Amino acid sequence: MDKIWIYIICMAAVTYLIRVIPLTLIRKPIKNVFLRSFLYYVPYVTLAVMTFPAIVDATGYPLAGLIAFFVAIALAYFGKGLFFVSVSACVTVFVLERIFDIFIK
């Protein structure tokens, strides 16, 4: 039980240092276009990397999640709103899982 405090302190130190070091070392605005564009897209990529496996694994059939993912991408590409896209993806999964239940089992 004593080792858990060491783990918590190490985790807190690493988390703190990750946030403090850039603030102390980078005082001037970043002028490099490549680095600025890279840092601009980091939050979006991180969100996508965390979300995509959940989209596929949260369904009973991974194929249903994958198809719903492509439906959502297509609807978002054509300018539909977030609520419509998310409801459409949920309905797609629901319908596909019912179809797969009928034909696969």
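Okay, hi everyone. Before anything else, keep in mind that this is a predicted model.

Let's start with the pocket. The largest one has a volume of about 450 Å³. What lines it? There are 21 lining residues, and Thr51, Ile55, Phe69, Ala72 and Val85 are the ones that lie nearest the centre. Helix 2 gives the largest share, with 7 residues. And how does the lining split by class? We get 17 nonpolar residues, 4 polar ones and no charged ones at all.

Now, over to the surface. There's a nonpolar patch out there, made up of Phe83, Val87, Val91, Phe94, Val95, Ile99, Ile102, Phe103 and Ile104. Taken together, those residues have about 960 Å² of accessible area. Let me pick out one of them, phenylalanine 103. You'll find phenylalanine 103 in helix 4, residues 82-104. Is Phe103 buried or exposed? Exposed, because its relative accessible area is 68%, and the cut-off for that word is over 50%.

Last stop, isoleucine 18. That one sits in helix 1, residues 3-25. Isoleucine 18 also counts as exposed, because its relative accessible area comes out at 59%. And where is isoleucine 18 relative to glycine 79? The two are 61 residues apart in sequence, and in space they're 37 Å apart, C-alpha to C-alpha.

Terms used
Residues numbered from 1 in each chain as written. Predicted model: local features only at pLDDT ≥ 70, side-chain atom pairs only at ≥ 80, totals over all residues. Heavy atoms only, no water. Patch = residues over 30% accessible without salt bridge, like charges linked within 9 Å, V, L, I, M, F, W, Y side chains within 5 Å. Areas by Shrake-Rupley, 256 points an atom, 1.4 Å probe, with all protein chains shown as cover. Salt bridge = Lys/Arg side-chain N within 4 Å of Asp/Glu carboxyl O. Helix = DSSP H or I, 4+ residues; strand = E, 2+ residues; numbered from the N terminus. Buried < 20%, exposed > 50% of the residue type's maximum accessible area, 1.4 Å probe, protein only. 1 Å grid on protein atoms, 1.4 Å probe; cavity = no way out; pocket = protein on both sides within 12 Å on 5 of 7 lines; lining within 4 Å. Points joined across faces, edges and corners; volume = space filled by probe spheres on them. Nonpolar A, V, L, I, M, F, W, Y, C, P; charged D, E, K, R; others polar.
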